[in-house]
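Biologist: Before we discuss the charged side chains, could you show me the model and explain what each label rests on?

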Amino acid sequence: MRPNRVQLLEHYPGPYGARWNVQFDLHRVARDVVSIFRDQLTGLRDLQFIWQPYSEDVLASLPAYCTAGRDIWRSVTYLICWEVVEPHLPYHVMRQFGYHQPVPDLRLTENQAALHSLDRRGKGNQNWITTHGAYIDVWTDRHSHVEDGVVAEDPRYPSDEYRQWYRERTVLYVSNPTR
């Protein structure tokens, strides 16, 4: 779905995100990209999606600073930047860590509407440390809230329980339903 790279990268030893640090050919990008993206996403099959983007061999090839503290990747906490507070909910994506995907619960999500209504307009003297003290405390204690899971035999396949939960809450096809 991405544009073609002007200069191909056969093997890039760095983090996956750094692979985007190249020039792209934007002249051959489809104009009506939303419908094309929908069609491509709708056509994906289970085995075409990589649930575990960073396999152990890829992680081992990264510099130490990329994997330092990797346990907190699974910490149920808040990410905070000034007025923005977002829950970090790794139990929604346990398959990417190679674990069995349980049915997600709603921890840390009760107050999201109120948090999303905050902005910095007219609040130049706002002390965000005081305002978000409770969320900062959760972040400070993030090492105590690392989510563990049951290692999945094959993370490409979700459990029957998760499939049923997911199908009750989502649209199975990304395509425009009017077509």
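Modeller: A salt bridge here is a side-chain nitrogen of Lys or Arg within 4 Å of a carboxyl oxygen of Asp or Glu. In this predicted model, a search of the whole structure finds six salt bridges.

Biologist: Why is the contact of Arg74 and Asp148 called a salt bridge?

Modeller: The N to O distance between the side chains of Arg74 and Asp148 is 2.8 Å, and the cut-off is within 4 Å, so the pair qualifies as a salt bridge.

Biologist: What makes this pair a tie between separate parts of the chain?

Modeller: Arg74 lies in the loop between helix 3 (64-67) and strand 3 (77-81), while Asp148 lies in the loop between helix 6 (133-140) and helix 7 (160-169), so the pair ties together parts that are 74 residues apart in sequence.

Biologist: How do you know which of Arg74 and Asp148 is buried or exposed?

Modeller: Arg74 has a relative accessible area of 10%, and buried means under 20%, so Arg74 is buried. Asp148 has 56%, and exposed means over 50%, so Asp148 is exposed.

Biologist: Why is Arg169 said to form a salt bridge with Glu168?

Modeller: The closest N and O atoms of Arg169 and Glu168 are 3.3 Å apart, and the limit is within 4 Å, so this pair also meets the definition. Arg169, at 51% relative accessible area, is exposed, and Glu168 counts as exposed at 54%.

Biologist: Which residues do salt bridges with shared partners join into one network?

Modeller: Asp71, Arg74 and Asp148 are joined in this way.

Technical notes
Residues numbered from 1 in each chain as written. Predicted model: local features only at pLDDT ≥ 70, side-chain atom pairs only at ≥ 80, totals over all residues. Heavy atoms only, no water. Helix = DSSP H or I, 4+ residues; strand = E, 2+ residues; numbered from the N terminus. Buried < 20%, exposed > 50% of the residue type's maximum accessible area, 1.4 Å probe, protein only.
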